[in-house]
Amino acid sequence: MTTDTATETTAAPAAAARFTGGRDIPALARDYGIIVAFVALFVILAITTPNFLTSQNLQNVLDQNAYMGIAACGATLVIIAGGFDLSVGAIFALAGAVAAWVAINVDPVVGLLAGAAVGPVLGVLNGLLVSGVGIHSFLATLASSLAFSGLAVAVTGGFLIDVSSDESFVWLGRGELIPGVRNSILMFALVAVALGLLLSRTLYGRYVYAVGGNVEAARLSGVRTGLITAMTFVICGLTASLAGVLEAAKAGSGQALPGGAAGLALGTIAAVVIGGTSIKGGQGAVWRTVLGVLLLALINNAFNILNLQPQWRDILTAAIIVSAVAVNTIAARR
Amino acid sequence: MTTAPPLVELRDVSKRYAGVQALAGIDMSILAGSIHGLVGENGAGKSTLGKIIGGAVVPSGGTILIDGERVSYRAPREALADGIAVIQQELALVPEMTVADNVFLGTESARGGAVSRPAMRRRWTELEQRAQFGLDPDTIVADLSVAQQQKVEILRAIARDARLIVMDEPTSSLAREETEQLHALVRGLRDDGITIVYVSHFLEEVLALCDTVTVFRNGELVETLDAAGTTVDRLVVGMLGHEMSTTFPAKQPPPAGAETVLSVRGISRAKVLEDISFEVRRGEIVGLAGLVGSGRSEVARAIFGADPVDSGTVEVDGAPLKLGSPRRAIAAGIALAPEDRKRQGLLLELPQRDNVALPNLATLSRLGFTDRRREDADTRALLAELGVTPPDPARPVRTLSGGNQQKVLFAKWLLRERKVLILDEPTRGVDVGAKRAIYELIVSLAERGLAVVVISSELEEVLGLAHRVLVMRRGRIATELTTDAMSPDAVMHAAFGIDAIESEIAK
C-alpha cells in the first residue's frame, strides 16, 4: 500500500516534485525509455554496420515488418482498453486465405476487399463474446482463434492457393502507389497515423483510455463501455486482416498457416508492451507501438547483417520485454 | 505504566518520497500495553509512521528501537517476526477463503507439505478461547461484513502472537454500532497486554479510546498528549496550526414555491430496496442517513441507473426517466459522485482534464474530434473556482490529496448544467480543512438551483447540510425528519429501529 502513502504525501509540497514534472526516474524511463532505446540502437547500427544505413536496407526492414506493425497498431487499442486479442494470427491467416480464394474464384480486387473485410466481421464476434457475453478477452479470443484457424483450413482445403500470376493481386504487396515507397510501407504509415489520430484526437479514443483506466468510473460517467470495448476488437480485426491481405499479396498465395501467423498475436503484444503501453490498460499510444515494432525489427536486422546466431536474438528480445514490463511495474509502484 | 520501558522508540525518523518530505525528525515512544493514537490531516504523515513501525515502509533516516534494541525492518514479514502486525485501511484478506484459512494464511499447520486440518482446528479452538470473537471458522470471508472482516484481521494478528498492532483508519467504513464494538475489542486487547497504535481521522473516537495521542502536521510531530486531559478542539488546533470553526455554512432554505425536480416513486429491488419514494425540490438539500448497508448508496445507484431495479419510477422535472443506464440518467440531468472515488469515480492515472471532461466530452468535441485547448481552458477555470491546488489540468489525479481528488470528482459534474446532484460520502478520506470547503461548495450549488442529495455516514454532516433527512433502515425509508425534528438522537433511533422495538414491547 505504498502507493497510498505516496498519494497522501505528494499532496502538500509540490516544489521538489515539479523538478521532474512530478515524476521520478522509473516513470521517466517508462515514458521515454523506448525513444532512447530506439535512437541508441539506430545510431549504434548506423556507425558500426556499413550496410545498415542504406535506403535499400531500411526499406527492406520496413517492408518485412509492415504486417507486424499494422497488426500491432490495432492490438494497441485492445490493450489500452484493458483487453487482449489472441486471435490476430488466425484472422491474419484467414484474411489471406479468403482473399486468395475469392481472387481465384471471383475477382482479384474483390478478393483483396473481401480479405480485408474478414477481420472486422470476426472482430464483431470477439467483441460480442467479450462485451456481450462477458467472457474475459484472453479466453474469448483464445477460443475464437481456434475457430478462425479451422475456418482458414476449410477455405483452403489445406492447400496453398496460388495467385502469384495475378498482377493486380500481387501489386498490393509488391507495387508502389507512390513511386519509391513500397505499398506495404505506405499501408503501415497510413494505419499508424489513422489509429494514432483516432486514439489521441477523437472522442472514441478518449473513451478507450477511460474504459481501460477504470471501467466502472467510465460507465458511471455515461460511457458506453461495452460498445467501446467491442469496437477495439473490430478495429484490431481490421488491422489483422489488412496485414493478412498484404502478406498474401506479397507472397502471391493464401494458405491456412502462412509465414508470420503463428507468432503474430504474441508478437503484437510484445511490441505494444516494449513501446511502453501498460498491459493493465488505460495508458499508451500508437507511436509507442510503432517504435516497439521498429526496435524489434532493428534487432532482427542487426542479427541478419552481422550474421549472428538467431537464438541470441530471441534471448535479447526476451530481456527487452522483461525490462519494459519491469520499468512499467516499478514506475506504477511509486 | 510510566515506569515500563517503551515498546517502540523512534529517534529522528524521517521519510522522503521522490523529493517530497513525508516525515521529518520524528522522536516518539510508544509504551507497552497502551493504546496510542496518531492524528493529523491527510498527508500529515500519520499513516506513513504507522507503516514504518510495521515494516511496510522503510524510513529514509533515523533509528527505531524495539524493546530498547535497534531494528531496521525491510518488509512487514520482518516486523511480524518481532510481534508487530499492521491492519491496513483496505483489508488484506483472501475473500474466497474461509475465516480460519485466512487467519492461518502463511502459518498453516502442515505435515509433509499437506495442510493438516485437525491441527488447524485445534489451533482455532485455542485462539477462539483467547480472543472470544465469536466468528465461525468455516464462513467464507466474502460473506462477512466489513466489521467482521476486521475481526478476522485482528485474529490473524493475535494468531501470530502480535505484541503490537497498528490499525490504520479501522473505522472509516464502519457504522457507529460496529465502531463501538471494535473499540470494546481494542480495549480488551490492551487489557491482555497488547499494544495498539491507532491511526484515525475521527478525533472524538481517538480521545475516547486512546491513552496517548500524538498530533502530526506536515510530516512533523506537533505534540504528544495524554488523551484524558485533551479536547477535540485542542487536537484540531494542533493539526491545523490554527483554530478553526467546525460549524457548517448557514442553511438557505429553498424558496417556498420551489418546484419538484427529482421525484422517486416506489423503487424496489429484491433484498436490497423496498418501496423507496421521495422528492427533491430546486435548491433543496436532502440527506440520506442510516447505517452502513441500510441501502443508502443503493438508492443513489438505482436512481442513477448504475444498478438494476425490479420496479419503480423516477421523474426529472416531470419527465419520466427510463432506469438502468447511467448514460440516460446523465442525459436527464442527474449526476452521481460515487462513494468510492478511486474505484468508481476517477481515472487515477489520467490528468485532471481527462477526468473532468469525461462525462462532458460530447459537448466539448466537434464531429467526434476532441478539443484539448477548450477542455484545458474550461477545466482550469473550474478547478480554480473550486479551489483545487494546483489547478493544473495536466496533472495526474493520483498525485492529488484526498480533498482535491474529491473536488475533481465534483468538477466532472459541474462543467455543464445539471439538475440533480447525488453526493455519496462527499468528504470520505478528506481532511478537516478541505471538508469545510466542500460543505460550502455543496450549499452554494443548492443555492444555484440544483436539487442535491447527500449521503453520509457522518451524522453531523447530514444534519449540518440537509434541509430534510431521510433515515434508511434495511432497504426502506424508515422516517423523514424535517427542520425541528432533525437531531442525532432521532436519526439514530430511526436507523436502529429502536422505536419499532419499543412499540413492539409495548404490545
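Reply: Helices (H or I, at least four residues) and strands (E, at least two) are DSSP runs, numbered from the N terminus. The model is predicted, so that local features need pLDDT of at least 70 and side-chain atom pairs count only at pLDDT 80 or more, while totals for chains, interfaces and linings use all residues. Residues are numbered from 1 along each chain as its sequence is written, and chains are lettered from A and ligands numbered from 1 in the order in which they are written.

The open sheet has 4 strands in chain B, arranged in the order β14-β13-β16-β17 with antiparallel pairing, where two strands pair if DSSP finds at least two bridges between them. Because β14 (273-281) and β17 (319-321) of chain B each have a single partner strand, they form the edges, and one side of each has no neighbour in the sheet. On average, neighbouring strands of this sheet are turned by 20° against each other, direction ignored; axes are lines fitted to C-alpha atoms, for helices over the stretch in contact, and angles run from 0 to 180 degrees between N-to-C directions.

Strand β13 (residues 260-269) of chain B pairs with β14(B) in the antiparallel sense over 6 bridges, and B:Val280 in β14(B) is the bridge partner of B:Leu262. Across β13, β14 and β16 (311-316) of chain B lies helix α9 (residues 296-304) of chain B, which runs at about 75° to β14(B); residues are in contact if their C-beta atoms, placed from the backbone, lie within 7 Å.

Technical notes
Two residues are in contact if their C-beta atoms, placed from the backbone, lie within 7 Å.
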